[in-house]
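Visitor: I am new to this structure and would like to learn how to read it. Please take me through it one feature at a time.

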Amino acid sequence: MRRYSAFAIAREALRHHTGWERAWRSPEPKKHYKVIVIGAGGHGLATAYYLGKNFGIRDVAVLDKGWLGGGNTGRNTTIIRSNYLQDPSAAIYEKARSLYETFSQDLNYNAMFSPRGVLMLAQTHHEVRGYQRTAHANALQEVETEWVGPERVKEIVPIINIDGPRYPVLGGLWQARGGTARHDAIAWGYARACSGMGMDIIQQCAVTGVRSEGGQVTGVVTTRGDIACDKLAIVVAGHSGHLADMAGFRLPIESAPLQALVSEPIKPCIDCVVMANTVHGYMSQSDKGELVIGGGTDSYNGFTQRGSFNHIEETVRALIETFPIISRLKMLRQWGGIVDMTGDRSPILSKTPLGNCFINCGWGTGGFKAIPGSGWAMAELVANGEPGPLAADFGLDRFREGRFIDESVAAGVAH
Amino acid sequence: MLILTCPYCGIHCDETELANGGEAHLKREGPGSSDDAFEAYLFDRDNPMGVHFERWRHANGCGKWFLAARDTVTMEVFGTYKAQSIEPPAEIVERIRAKRPDWEGRA
């Protein structure tokens, strides 16, 4: 794998860009791998990357039924933050945020990480108390966040209307080191690094069955033939239930579409991420100038990747109240991603009833921000067969034991 | 937008009038049930891509609970029926089978 650098750009400019190589190979699947990761989204590729980097396991295949990064990795609003209430969540999201800071240097791939700050608005007294509590919890967790009053909110985001008609802004939870990154680059960067380590990324390869013998996984059946493996990692978000079904267990997960939309590009007007959970909307501005807007999740199960129209109305109404300057903007695109939700709105990183088969799912509406931390923890789980400190609390057994990591209040809607 | 017909008051209501109540026809567990059965009842869900039976409440209307059969991919509604039904009514099952010949039935 040739390194990207200023020198490489100069060299290629001189020879008419004939020397760039493909970022990753597209090999035929081998008969056997030590580890197979199903799902070449951010989480799956990150799992493979840290298996290679931290544990020296490079006989790895990453399978995907479509193309890599074509699911929720390419459909989210690219927000990165770690201001969670519960200790296990704060630990894994903060790990992810810190890995995002060094992603570009570590992987030699420009992730365009922009620590522009994330502001979560408090618009009810309940939220004021909730976020003040989160700020205190974050201080104990060594996650840098700060409770700010309405005047400071107005300073951070001059275009905001703090005297909104329904929900005036009463303050906010400010995480200065949160921000955004280029979502596709995360998948592409990991894919390139995995391929560079000799791993096989096999796209257009749908898994149709899981083979096992004596309660241990032995391989998978795919549309491109049988592939044997010693260990299997299922990292497929919205489709986890079907893979779990093939492997012979059930999951406490339901799927629903979460929507996002993008406006026409305008001049820079907002230089941080603002989330308003009470009114169901959040917004940031992309480098191209588009306002990237996240909306609500449908209240019922669905796989439509489009979502319900009344949520758009709800989201846009809320944002116009909060940011009156955007009221004349046209929206360019709208789409939905299928989010896999657990009852306590926390992810699952777990061993499964099938031996040597591991699952990483349930990231719900907030998976993108977690990608590096999730991959790091999942690699540890797959390599050692037992969860490390980051994944320990996220096991499937927490539902039976009633050890919920309840983020449904802390995280609200926007993620 | 999703539109369902309330089997009690007969109104075609859009989803802003309704509240979703999750998967229907769950077998309730009680004292004497095993931990496994309780866990499955409380948390495990079918979450199918396709035919799904679910509970709804006509919240901003007559207030009654009812059940619906719906496709989670195409959003097609196969019918709604009373909440007191232990199984989906035969005519709804027939309608599903006519439109989805490869449907494997309820898990």
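Predicted model: local features only at pLDDT ≥ 70, side-chain atom pairs only at ≥ 80, totals over all residues.

Guide: Let us begin with how elements get their names. Helices are DSSP runs of type H or I with at least four residues, strands are runs of type E with at least two, and both are numbered from the N terminus.

Visitor: What is the phi of Thr78(A) near?

Guide: Phi of Thr78(A) is near 60°, a positive value in a residue that is not glycine.

Visitor: Is Thr78(A) buried or exposed?

Guide: Here we count neighbours, and a residue is called buried if 20 or more other C-beta atoms lie within 10 Å of its own. Thr78(A) has 24 other C-beta atoms within 10 Å, so it is buried.

Visitor: Where is His16(A) found?

Guide: Look in the loop between α1 (6–14) and β1 (32–38) of chain A. His16(A) has a positive phi too, of about 55°, although it is not a glycine. As for its surroundings, His16(A) counts as exposed because it has 7 C-beta neighbours inside 10 Å.

Visitor: Now the whole of chain A, please. How many helices and strands does the secondary structure of chain A come to?

Guide: There are twelve helices and 18 strands in chain A. Its C-alpha trace spans about 65 × 65 × 40 Å along the principal axes. A compact globule of 415 residues would have a radius of gyration near 22 Å, and the 21 Å of chain A agrees with that. Of these 415 residues, 54% count as buried. Sequence separation is another thing to read: among contacts in chain A between residues at least 6 apart, 74% join residues at least 24 apart.

Visitor: How should I read a sheet?

Guide: Strands of a sheet pair through backbone hydrogen bonds, and the pairing is either parallel or antiparallel. In chain A, eight strands form an open sheet with mixed pairing, in the order β5-β6-β4-β13-β14-β15-β12-β16. Its edges are β5 (146–148) and β16 (331–342) of chain A, each of which pairs on one side only. Ignoring direction, neighbouring strands of this sheet are turned by 20° against each other on average.

Visitor: Which residue in β14(A) is the bridge partner of Val274(A)?

Guide: That partner is Met283(A). The strands concerned are β13 (residues 273–276) and β14 (residues 281–285) of chain A, which run antiparallel and are joined by three bridges.

Visitor: Which strands does helix α9 of chain A lie across?

Guide: Helix α9 (residues 309–322) of chain A lies across β12 (253–263), β13, β14, β15 (291–297) and β16 of chain A, and it runs at about 130° to β15(A).

Visitor: And how do I read two helices that pack together?

Guide: Two packed helices are described by the angle between their axes and the distance between the axes. Take α2 (residues 42–55) and α7 (residues 183–196) of chain A: their axes come within 9 Å and cross at roughly 35°. This crossing is left-handed. Residues in the contact include Leu45(A) and Tyr49(A) from α2(A), with Ile186(A) and Tyr190(A) from α7(A). Sorted by class, the contact of α2(A) with α7(A) has ten nonpolar, two polar and no charged residues.

Visitor: In what order do the elements of chain B run?

Guide: From the N terminus on, they run β-β-β-α-β-β-β-α. Chain B has 107 residues, of which 23% count as buried. Its C-alpha atoms fill a box of roughly 40 × 35 × 25 Å along the principal axes.

Visitor: How many bridges join β4(B) to strand β5 of chain B?

Guide: Seven bridges join them, and the two strands run antiparallel. Phe53(B) stands opposite Ala69(B) in β5(B). Strand β4 (residues 51–57) of chain B also pairs with strand β3 (residues 19–23) of chain B, in the antiparallel sense over three bridges. There, Trp56(B) in β4(B) is the bridge partner of Asn20(B).

Visitor: How many residues does the contact take from chain A and from chain B?

Guide: It takes 19 residues from chain A and 18 residues from chain B. On the side of chain A, the elements that give two or more residues are β12, α9 and α11 (397–401). The largest share of that side, three residues, comes from β12(A). By class, the side of chain A that touches chain B has seven nonpolar, nine polar and three charged residues.

How values were computed: Residues numbered from 1 in each chain as written. Chains lettered and ligands numbered in written order. Pairing = 2+ DSSP bridges. Axes fitted to C-alpha atoms, helices over the stretch in contact; angles between N-to-C directions. Left-handed = near helix turned anticlockwise from the far one by under 90°. Contact = placed C-beta atoms within 7 Å. Nonpolar A, V, L, I, M, F, W, Y, C, P; charged D, E, K, R; others polar. Rg over C-alpha atoms; globule rule 2.2 N^0.38 Å. Buried ≥ 20, exposed ≤ 12 C-beta atoms within 10 Å, placed from the backbone.
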